[in-house]
Amino acid sequence: MKITDETITYVAALAKLDLSEEEKDRAKTDLENIISYMDTMNEIDTSNVEPMSHAFPMKNVFREDVVTNGADRENLLCNAPVQKEGCFIVPKTVE
Amino acid sequence: MKAYETVIGLEVHVELATKTKIFCGCTTEFGGAPNTHCCPVCTGMPGTLPVLNKKVVEFAVAAGLATNCTITQNCKFDRKNYFYPDLPKAYQVSQLYLPICRDGGIEIDVNGVKKVIGIHEIHMEEDAGKLVHDEWDDCTLVDYNRCGVPLIEIVSDPDMRSAEEVIAYLEKLKLILQYLGVSDCKMQEGSLRADVNLSVREMGASEFGTRTEMKNLNSFKAIARAIEGERKRQIEVIEYGKKIVQETRRWDDNKDTSFAMRSKEDAQDYRYFPEPDLVPIEISDAWLEEVRQRQPELRDEKMARYEKEYDIPEYDAALITSSKNVADLFEATVAICKKPKEVSNWLMVETMRLLKEHEMEPENIAFSPENLAKLIALIEAGSINRTVAKEVFEVVFTDNIDPESYVKEKGLLMVNDEGALRKTIEEIVAANPQSVEDYHNGKTKAMGFLVGQTMKAMKGKADPGMINQIVMELLQ
Amino acid sequence: MVMTESKLQEGTPMTALALSAKIKAGKVKVEDVVRQQLEVIKKEDATYHCYITVWEEEALKRAREVQAEIDAGQYADSPLAGVPIAIKDNICTKGQRTTCASKMLENFRPPYNAEVIDRLEAAGAVILGKVNMDEFAMGSTTETSYFGITKNPHGVEYVPGGSSGGAAAAVAAGEAVVALGSDTGGSIRQPSSFCGVTGIKPTYGTVSRYGLIAYASSLDQIGPIGNTVADCASVLEVIAGHDAKDSTSVPTESYSYTSALVNDVKGKKIGIPKGYLGKGLEEEVKTAILRAAKVLEEQGAIVEEFDLDIVDLAIPAYYVLASAEASSNLSRYDGVKYGYRTPDFESLQELYKKTRSEGFGQEVKRRMMIGAFVLSSGYYDAYYNKALRVKALIKEGFDRAFEKYDVILGPTAPTTALKIGENLADPLKMYLGDIYTVSVNLAGLPAISLPCGKDSKGLPIGLQLIGKPFGDKDIIQVAYTFEQNDTV
């Protein structure tokens, strides 16, 4: 699998990363090697195999609809780099 | 100009009426001080894990059964990945590959024409938080109270052709969900939100046109206006020889127009994959049957029962059942006062008038059945007359006051003391000799004047029947 | 007493079980044990750098509490009462910083404990501090830590392995009696192998993941690292158990792992996958593994080689799945709710990008990009879904093997510890070192790594025993028998 500059720009955007030109070049080489290695999976025919998300059959794990949590804003916000009026803060999102 | 056909499909998000959020034990109560209805799980703090609220599955199944869907008995959750401050984990737990309900539909009726609107799928997901713009600091405040409130998204087929059909579909859907008790469907609080996918095509064309998606529609009226506006806009674009761009548009109801939402910096590539922190859901035949058995009485059944059990006209039954809240209020009030027709009248006439006056939806009615029953009892006992009762009801409607103590406090109880009433009337008759003469000269209207003067003197607190009787006696 | 000298100098380390027995017998005070342990850390950690945060005051305070509780008759059944333990720094500790060895979480103090921490505390264990690891558990050398590299106590020019390198090195250097690590693709077993200690990766679902900062949710599992099989079994017994907060926690019949500490493998069927002895395996490691098999055979086990399918495809499948999940799990670090926030930004997009670019190291960024790629539109089926199918085949292969064998035996890693810096330049080469460990995670199986000799450089070699799902006791019994009868 050939990894292009566009692909690197695209995956960096998806991962919300800013890469320097040097980092981009390195990422291109690394990803190309790694993705090509991943392509070795194509050696095996899996057309009759169902994709398996969990290694064993687990199902129906539920909780009952009962309120167990109270307000705990102090703890929720104690790691926030910035806060105001009990809220987290981001730059203006409305255009 | 050519003739065009409008093609509309809806994505309706409904907040479920569970007590707790979809993956944690936080309350789903609306409002609250910012970030007080959340915990490490719903705010996605590192290391925390979701556990599914069973009620969410049961509500989704109930909604699916009531909309004639096939239930996906083996379903699971997927992650939808995107960055936005209202989404603390940077992924929304949703269902892409195996939504819980598929291939349903509901029948609508527009001016007597019946039509089935297909439901493509219903899936379960978590709601996002709220962003509040801070004008002073030019920044945005993030409140996660709504984060993790359970939603079902009901995706229709592109089967609607007009705003009327869309409103009829939404009304029907809302009623079904309210009757199921699955959601309160309050649009103002955002517990029912509809996005409109709309395209136009030349009449008779077999292919669909390019569609746009409209968001930020906060009322049925806004939806109707937005559909009309977007339909016109698209036709103009096409007539102008240009192409429709597939995009998301934001409806501005104040400006009566829509704007293309600035395309996000990156392409929308949600990178869905199965949620590894949750296990698959298997809805056995037995469980499905259990939910089916528990389905409550829906509107049509309820209407028929009202006509039979309470002996009220079809018209009344239809109006009362047009809102689950009104129907519940009706039944609860009748259970106390045993006067179905009387209760029905109060709900159909005065309540509907006041709703209109206050621009409120029936689901926002806040008075209790106890207080309406008390009001009716006061009338029945002759303690207040109907004119006073209407005034008192307005206060019951707005503030849910106790009518018994209210009429006492305000001195509105009727004067049933015949002696006092007779004395007042004697004085009025004596003060109006002309009217007495007119009456004897055959002008019967004059009696009405005397009755009116009496009522005025009594400040409305007298029994009109008794006044009539005494006036008549004195005139004879 | 024994605690004052590290294992390497002393020869025979103090085990958790022996220590707790001494404490309960009143021969030694918990506070003295902890104080001496802290002194070892002070002395040794300048060299090995196992710890990111040492809980000096808290540990001594807790030691006094535990002593009082022991004196009051508590912890009668606990094998860990008063035992000092080190915790990998991706396991949340309430009010105490939990960094994942990343600049991103340098000052993160979770307002909650991981379930395993609550269980350790309920058993009277005393936490010494938080130990080093590869950033967000991504790596096999502990070189990707933001807080600097940990050195192998068997030779400071060697890596301790990873990602639980700090935990394994701390036990090996006597800086902790036991430790908790986490294993996503070999992160407990490989550093245990490199550092000459014992580590268990339990069956997926045995130990609650609540409070374990996720790398790859479908593969992550917390497990013990210790000097002996018995210590590991004892710690596992304390931390294992159903937890309603973790939907993937699986209730099992018995969590009594210490009941499997039985010196007997008569009639046990042990299979060695031929593919585990092939290309890429160092000769000295191979010799040691076959010798270990011989020891078990002499004890009455039936050992034979067999073909385990598609061993090679486990690595690409693992890296697809782990990277995909990681790219999603690590998206929450955006400078808004916790962790690092870039000081300089104009827009929301800039806040996100600069925070993440400055807060994450190279290996984490690389895996997030791989993850984004394999999930991106147009590639999902070719990579992610393909990997899920390969995973199904790997599981099937193991299922077939376990129809014939009780336990699968092989090396933990193809080599002994690598020199510092040797693998960092070539990520793919580093990934290939996970060949014997990742398939165990893909199939959700339990596995243990324990020492089975040293190579000519004096570096420890790890023996890996793999069990069937929830067959954790099988591997503990075989490992214990080997340990008791290994005379080298």
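## Contact between chains B and C

In this predicted model, 27 residues of chain B are in contact with 35 residues of chain C, two residues being in contact if their C-beta atoms, placed from the backbone, lie within 7 Å. The side of chain B that touches chain C comprises 17 nonpolar, four polar and six charged residues. In this classification Ala, Val, Leu, Ile, Met, Phe, Trp, Tyr, Cys and Pro count as nonpolar, Asp, Glu, Lys and Arg as charged, and the others, Gly among them, as polar.

Because the model is predicted, local features need pLDDT of at least 70 and side-chain atom pairs count only at pLDDT 80 or more, while totals for chains, interfaces and linings use all residues. Residues are numbered from 1 along each chain as its sequence is written, and chains are lettered from A and ligands numbered from 1 in the order in which they are written.

## Contact between chains A and C

Here 38 residues come from chain A and 53 residues from chain C. On the side of chain A that touches chain C, α1 (5-14), α2 (21-38) and β3 (87-91) each supply at least two residues; helices (H or I, at least four residues) and strands (E, at least two) are DSSP runs, numbered from the N terminus. The element giving the most is α2(A), with eight residues. By class, this side of chain A has 26 nonpolar, eight polar and four charged residues.

An open sheet of four strands runs in the order β2(A)-β3(A)-β10(B)-β9(B), with antiparallel pairing; strands pair if DSSP finds at least two bridges between them. Its edge strands, each pairing on one side only, are β2 (83-84) of chain A and β9 (130-134) of chain B.

Four bridges join β3(A) to β10 (residues 139-143) of chain B in the antiparallel sense. Within this pairing, Phe88(A) has Val142(B) of β10(B) as its bridge partner.

## A sheet within chain B

Chain B also contributes an open, antiparallel sheet of three strands in the order β6-β5-β16. Strands β6 (91-94) and β16 (273-274) form the edges. Strand β5 (residues 78-81) pairs with β16(B) over two bridges, and Arg79(B) stands opposite Phe273(B).

## Fold of chain C

Chain C has 16 helices and eleven strands. Buried residues, those with 20 or more other C-beta atoms within 10 Å of their own C-beta atom, placed from the backbone, make up 68% of its 488 residues. Among contacts in chain C between residues at least 6 apart in sequence, 76% join residues at least 24 apart.

Conventions
A residue is buried if 20 or more other C-beta atoms lie within 10 Å of its own, exposed if 12 or fewer, and partly exposed in between; C-beta atoms are placed from the backbone.
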